[in-house]
Amino acid sequence: MEQKDNFAWDMKLLGRVLRLAKDYKWWAFLAISCTILLAFVGPAMPRLVQYTLDNPVQRSDYAGLNRMIIAMAGLLVIQAFLMFTNIYSSNWIGQKVVVKLRNQMYRFITSLKISQIDKTPVGTLVTRNVS
């Protein structure tokens, strides 16, 4: 007997979900762009701290230290903005896809014959619809 491999996700199902998300390409581009930018911005903060400790702090350069503090604060604001935009756009796409899936399921259930609904327990229909 041949056993089907259990993967963390089903590629056919993933394809169907991605087709539902095709109307939101701009949002997906925004989320992916923010993720890539965060990959570059994230390691920059430790580098700035290292540079600050090695140069302005060691030389007691208060003007340089002030510039580095402003640069770190600016980088922190940029990083927070990118994270917020990434999370917001990703969740926005996810919620829109879930709404589409639920609407498709509702239309499917309401298109069933009454005999099918009469034979199926209400709890089963509700559980399938909700999950």
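The model is predicted, so local features need pLDDT of at least 70 and side-chain atom pairs count only at pLDDT 80 or more, while totals for chains, interfaces and linings use all residues. Residues are numbered from 1 along each chain as its sequence is written, and side-chain values use heavy atoms, with hydrogens and water left out.

**Exercise 1.** Determine how helices α3 and α4 pack, and which residues make the contact.

*Solution.* Step 1: Helices are DSSP runs (H or I, at least four residues) numbered from the N terminus; α3 spans residues 44-57 and α4 residues 62-111.
Step 1: The angle between them is about 175 degrees, and their axes are 10 Å apart. Axes are lines fitted to C-alpha atoms over the stretch in contact, with angles from 0 to 180 degrees between N-to-C directions.
Step 2: Helix α3 is therefore roughly antiparallel to α4 (angles over 145 degrees).
Step 3: Contact (heavy atoms within 4.5 Å) involves, among others, Met45, Leu48 and Tyr51 of α3 and Met68, Met72 and Leu75 of α4.
Step 4: By class, this contact has 13 nonpolar, two polar and no charged residues. Ala, Val, Leu, Ile, Met, Phe, Trp, Tyr, Cys and Pro count as nonpolar, Asp, Glu, Lys and Arg as charged, and the others, Gly among them, as polar.

**Exercise 2.** Identify the largest nonpolar core and the elements that give two or more residues to it.

*Solution.* Step 1: A nonpolar core is a set of buried Ala, Val, Leu, Ile, Met, Phe, Trp, Tyr and Cys residues joined through side-chain atoms within 4.5 Å. Buried means under 20% relative accessible area, exposed over 50% and partly exposed in between (1.4 Å probe, protein chains only).
Step 1: The largest core has nine residues: Cys34, Leu38, Val41, Met45, Leu48, Met68, Met72, Leu75 and Leu82.
Step 2: Helices α2 (25-41), α3 and α4 each give two or more residues, and α4 supplies the largest share, four residues.

**Exercise 3.** Classify the aromatic pairs that Trp27 forms with Trp26 and with Trp92.

*Solution.* Step 1: Rings of Phe, Tyr and Trp (its six-membered ring) pair if their centres lie within 6.5 Å; planes under 30 degrees apart count as stacked, over 60 as edge-to-face and the rest as tilted. The whole structure holds five such pairs.
Step 1: Trp26 and Trp27 have ring centres 5.7 Å apart and planes at 90 degrees, so this pair is edge-to-face.
Step 2: Trp27 and Trp92, at 4.4 Å centre to centre and 20 degrees between the planes, are stacked. Because Trp27 lies in α2 and Trp92 in α4, this pair ties together parts that are 65 residues apart in sequence.

Conventions: Angles under 35 degrees count as roughly parallel, over 145 as roughly antiparallel, 65 to 115 as roughly perpendicular and the rest as oblique.
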